[in-house]
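Subject: Structure handover

Hello,

Here is the structure I said I would pass on.

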Amino acid sequence: MRPKHDPRHAGRESLSSSRGDRTLARDFPEFLRRSTAIGPAGLCPELRLHAAHDLQALWRAQETWLGRLGLAAPYWGMPWPGGRALARYILDHPSQFRGRTVLDFGSGSGICAIAAAKAGARRVEAADIDPYSLEAIAANARLNDAHVELVGEDLLGAPSRWDVVLAGDVWYEKFLAIRLASWLRSPALDATSKLLGDLGRAYFPRTGVVELARYPLPAAAPHERGTANTVGVWSVMPR
Ligand SMILES: C[S@@+](CC[C@H](N)C(=O)[O-])C[C@H]1O[C@@H](n2cnc3c(N)ncnc32)[C@H](O)[C@@H]1O
């Protein structure tokens, strides 16, 4: 993939974005600093992330900062339970990721991509259609001295260039779930291992998946977890 603008370098990581139409406010790093705190990620204390405590408050703050209403929710502002569980699984099973090419679809804060990089993946792409997410992933990758490439395209339906596709906490919206389930089960991804992290959200596919691990959610905020007290990691079974 050819980046459409210059990669930024920080520490040992190289961060590049393929999104060419970004009209981002330039002071996002300052907004990130004042609207989140840096701390260990739940379930993955070895990773440090920028995280907000309250999604609604962050959402309002982002709208005030940009002077615009009706923006997408700032999902990048915290690692979600499905992503935390999937990242935990990755860190606990590095041999499944070492030397592999990995896509973290719907990367948000980048927690799964960063975990895959830490586990020794050869190349990690973090994809998200929210341009602010790409900025947050870049900042979080720097915090963890991880090497992650940023992709702003909607990759649903794309031919696979990855050994492993990760998707943490992405089953919250019907249209997205239909498109994602169809892609994950398409011939395009036949040769790719597909791993999901989810706590039982409305549109999680309940067939064609096998549970690999389950983790407790003691510290999750109520808005994150609903009534769930545990969160699972799943593999999509071959067709
Ligand atoms: C609930 S967040 C989960 C973030 C992260 N995986 C985690 O578990 O913490 C879902 C993310 O999916 C992204 N997303 C939604 N539709 C997408 C698409 N078609 N392609 C890439 N990302 C998408 C959203 O912007 C959001 O950042």
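Predicted model: local features only at pLDDT ≥ 70, side-chain atom pairs only at ≥ 80, totals over all residues.

The protein chain has 239 residues, of which 41% count as buried. Its secondary structure comes to 7 helices and 11 strands. Among contacts between residues at least 6 apart in sequence, 69% join residues at least 24 apart.

- Strand 8 (residues 164–168) and strand 9 (residues 193–198) run parallel and are joined by 5 bridges. Within this pair, Val164 has Ser193 of strand 9 as its bridge partner.
- Strand 9 and strand 11 run antiparallel, with 4 bridges between them. Here Leu195 is bridged to Ser235 in strand 11.
- Strand 10 and strand 11 are also antiparallel, joined by 7 bridges. In this pair Ala213 is bridged to Val233 of strand 11.

Helix 3 and helix 4

Two packed helices are described by the angle between their axes and the distance between the axes. For helix 3 and helix 4, the angle is about 5° and the axes are 8 Å apart. Angles under 35 degrees count as roughly parallel, and helix 3 and helix 4 are therefore roughly parallel to each other. On the helix 3 side, the contact is made by Gly83, Arg84, Leu86, Ala87, Ile90 and Leu91. Helix 4 contributes Ile111, Cys112, Ala115, Ala116 and Lys118. Sorted by class, the contact has 8 nonpolar, 1 polar and 2 charged residues.

How much of helix 4 is buried? The count is 8 of its 8 residues, so helix 4 is largely enclosed by the rest of the structure. The buried residues of helix 4 are Ile111, Cys112, Ala113, Ile114, Ala115, Ala116, Ala117 and Lys118. Just after helix 4 comes Gly120, which takes a positive phi of about 100°.

Val102 is found in strand 5 (residues 101–105). Is Val102 buried or exposed? A residue counts as buried if 20 or more other C-beta atoms lie within 10 Å of its own. Val102 has 27 other C-beta atoms within 10 Å, so it is buried. Leaving out residues up to four places away in sequence, Val102 touches Phe97, Ala116, Ala121, Val124, Trp162, Asp163, Val164 and Leu166. One of these, Ala116, is among the residues of helix 4 in contact with helix 3. Another, Val164, is the bridge partner of Ser193 in strand 9. Val102 and Ala121 are 19 residues apart in sequence, with their C-alpha atoms 6.9 Å apart.

Ser235 is found in strand 11. With 14 other C-beta atoms within 10 Å, Ser235 is partly exposed. Apart from neighbours within four places in sequence, Ser235 is in contact with Lys194, Leu195, Val209, Val210 and Leu212. Leu195 is also the bridge partner of Ser235. The C-alpha atoms of Ser235 and Leu195 are separated by 4.6 Å, although these residues are 40 apart along the chain.

The ligand

Which residues come nearest to the ligand? Of the 24 residues around it, these are Trp80, Gly83, Gly106, Gly108 and Gly168. The elements giving two or more residues to this shell are helix 3 (81–92) and helix 4 (111–118). By class, the shell divides into 12 nonpolar, 8 polar and 4 charged residues. Gly83, one of the nearest residues, also takes part in the contact between helix 3 and helix 4.

Regards

Terms used
Residues numbered from 1 in each chain as written. Near = placed C-beta within 6 Å. Nonpolar A, V, L, I, M, F, W, Y, C, P; charged D, E, K, R; others polar. Pairing = 2+ DSSP bridges. Axes fitted to C-alpha atoms, helices over the stretch in contact; angles between N-to-C directions. Parallel < 35°, antiparallel > 145°, perpendicular 65-115°, else oblique. Contact = placed C-beta atoms within 7 Å. Buried ≥ 20, exposed ≤ 12 C-beta atoms within 10 Å, placed from the backbone.
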